[in-house]
Amino acid sequence: MAYFKTPEELLEAIPRVRAAGYRYLEAYTPFPVEGLADALGRRDERIPWIAFSLGVVGALVGFGMQAWTQVVGYPLNIGGKPLLAWPAYVPITFELTILTITLGLFVSLLALNNLPLAYHPVTQAPGYRQALTDHFALYLEARDPRFDLEATRAFLQTLGAEVEEVSR
Amino acid sequence: MQAKPTGDTTLIQGEHTYQSLADKLVGVVEKPPPRIWWPLVLLGGLGTAFLLYAILVTFLQGLGTWGINIPVAWGFDIVHFVWWIGIGHAGTLISAILVLMRQDWRDSLNRLTEVMTLFAVLCAAIFPLIHMGRPQYFYWLLPYPNSLAMWPQFKSPLAWDVLAIMTYLTISTLFLYLGLIPDLALLRERAKSRLARAFYGALSLGWTGSATHWHRYRAAYVLLAGLATPVVISVHSVVSLDFAYGLVPGWHITVFPPFFAAGAIYSGFAMALTLIIPLRKWYRLEEVITLRHLDWMAKVMLASGLGVAYIYLLELFVAWYSAEPYELRQQAWRFNGPYAPYFWAMMLINVGILQLLWFPRFRHSLPWLFLISVLANVGMWLERYVIVIISLSRDFLPSSAKLFHPTWVDWGLFIGTFGFFVLGIALFIRIFPPIAVAEMLHLLHKLRFHKEESHAARSDGLLQNPRGASGGDSSG
């Protein structure tokens, strides 16, 4: 675990760490840092697509439910107006679309992030608390083939970071 | 977006590092509450008890305990339903629309206003439930296969209303919770007792602040903000259709959806100011909720209030232009009927006093701003009174005209929801930080450090350009 004082230092360090051959990296920051996921090579474009698919499902189910109940399930003739009065179905279709996306996206977000998580070794690092306030941490996993306790520590220190080890 | 000309000192005042800012914001929860907190909780608790008692009386003795009659079948219940829902709008507006517009000043306001939204919508949701007369059958509103083989009538705005309110409640709660997650993780790590650590830890869902998580989180957050935006507008528009679909003179007008939406934003910002002005003083948050924030909120209030005022005049014009005798009679009934004081008070506040906000002198004076925001809440209450009760009290047949006289149960429900509102907010900010810490740290970074870094960047060209850096709050 290497701590940097500013997000910029962290952003500069990551390409060098990757160039040195380390692959199992993760960064921990108190707030979203632009370009960090790119630097780590972890860009994830799935969220918008998930949202779109959920929206399509929500819209179809919402409209379908109304159309079926009003035309087939329980047709009510009110003043001779058409049963399939689609403009009147727009508000509920819209609300259900958004509701489906919101609920679905929330669940997908947690699932993609492997949350809820009861325990993560990173949180045991003494300095981790600061990574939620004013430190920007880079985390190298020991399973990395390039990992060597002393060499890795020395390497990270040359990048200007405070380093500490985390046990599982 | 370029940083505001004086952006680095106006949105967060004082010399702050990340650590001191976080300490200050989390301190609201970690330190003992200001002395005023206890009386507020007591008052809120008493109000909530009163609310429960009034609901109990309603359930045991029926709607006869209310002042409603025929033709005024929608009385205080609907007035307060619409009033509370309107107040709820500022929260989502600030948190969602302003995210999309990348307005940095929202960062210190969004949590508080989202909490306000949550409790205002809960207060609002009480009224339609209890005014059904047989509230135990409320689930008949939902589509589910039942032994009667009946389905809801989806062509009715009342059925839309149910879904719109429930969607809104769900979305605003989830949005609030999503924003809370990083702060809960911070509280978890700072917790001194095992119990607090377990509590915040469970609620934080094990958030670690990993870059990959942040990346997805920002993508989802911005998307949800984009989706919540039309919902804000749709909710009060749907509520307005409950009225506009009816033939009652004074209701049957197509301009109702934007009218209600503008009124909701106006009253929402008014209530937000009413809450924030004392809160920032009690919790010493002047450094993060600056006069500049209040000034901008007052401007939003002015803009939406002007929309409302315009539609008041438009309503009169439409009544005249339609040459519909019942519409004309309804307007005359408002002007000089028994309810005329309500109508003129509404006009005075929402058209007259509103204009004070044009002047910086009033926008920058806390007592004035507080007074105007309270009056705006009163004005919007009067507006709903005018729309719901005055319109209903005289429709088509002179023989069916009847006035509405609220009973103590009506007032009890109203005062009680106030108690619940205050109690809810007081407890919430005791347990959860009322200002989004992670977002404020991010803002501090954008305001202070990017400014310094951007000078350095120009020389060595390592960093992103300052424009992208200062405005890019979507995930990178």
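**Briefing: chains A and B, interface and local geometry**

Pro71(B) sits in the loop that links helix H3 (37–61) to helix H4 (76–87) of chain B; helices (H or I, at least four residues) and strands (E, at least two) are DSSP runs, numbered from the N terminus. The peptide bond from Ile70(B) to Pro71(B) is cis, with omega near 15°. The model is predicted: local features need pLDDT of at least 70, side-chain atom pairs count only at pLDDT 80 or more, and totals for chains, interfaces and linings use all residues. Residues are numbered from 1 along each chain as its sequence is written, chains are lettered from A and ligands numbered from 1 in the order in which they are written, and side-chain values use heavy atoms, with hydrogens and water left out.

**Interface of chain B and chain A**

- Chain B brings 63 residues to the contact and chain A brings 65 residues (contact: heavy atoms within 4.5 Å).
- About 5,900 Å² is buried between the two chains, and carbon and sulfur atoms give 69% of that area (buried area: accessible area, 1.4 Å probe, that two parts lose on being put together, summed over both).
- In chain B, Trp151(B), Lys155(B) and Arg216(B) lose the most area to chain A, together 12% of what that side buries.
- One salt bridge is counted between the chains (side-chain nitrogen of Lys or Arg within 4 Å of a carboxyl oxygen of Asp or Glu).
- Arg216(B) forms a salt bridge with Asp44(A); their closest N and O atoms are 2.3 Å apart.
- On the side of chain B that touches chain A, helices H2 (18–30), H7 (157–190), H9 (211–244) and H17 (437–460) each supply at least two residues.
- H9(B) gives the largest share of that side, 17 residues.
- That side of chain B divides into 36 nonpolar, 19 polar and eight charged residues (nonpolar: Ala, Val, Leu, Ile, Met, Phe, Trp, Tyr, Cys and Pro; charged: Asp, Glu, Lys and Arg; polar: the others, Gly among them).

**Helix pair in chain B**

- Residues of H5(B) that make the contact with H6(B) include Ala90(B), Gly91(B) and Ile94(B).
- On H6(B), the contact residues include Asn110(B), Glu114(B) and Met116(B).
- The residues of this contact divide into three nonpolar, six polar and one charged.

**Loop geometry in chain A**

- Leu115(A) and Pro116(A) are joined by a cis peptide bond, with omega about -5°.
- Pro116(A) is in the loop between helix H4 (86–112) and strand E3 (136–140) of chain A.
- Asn114(A) is placed in the loop between H4 and E3 of chain A.
- Phi of Asn114(A) is near 55°, a positive value in a residue other than glycine.
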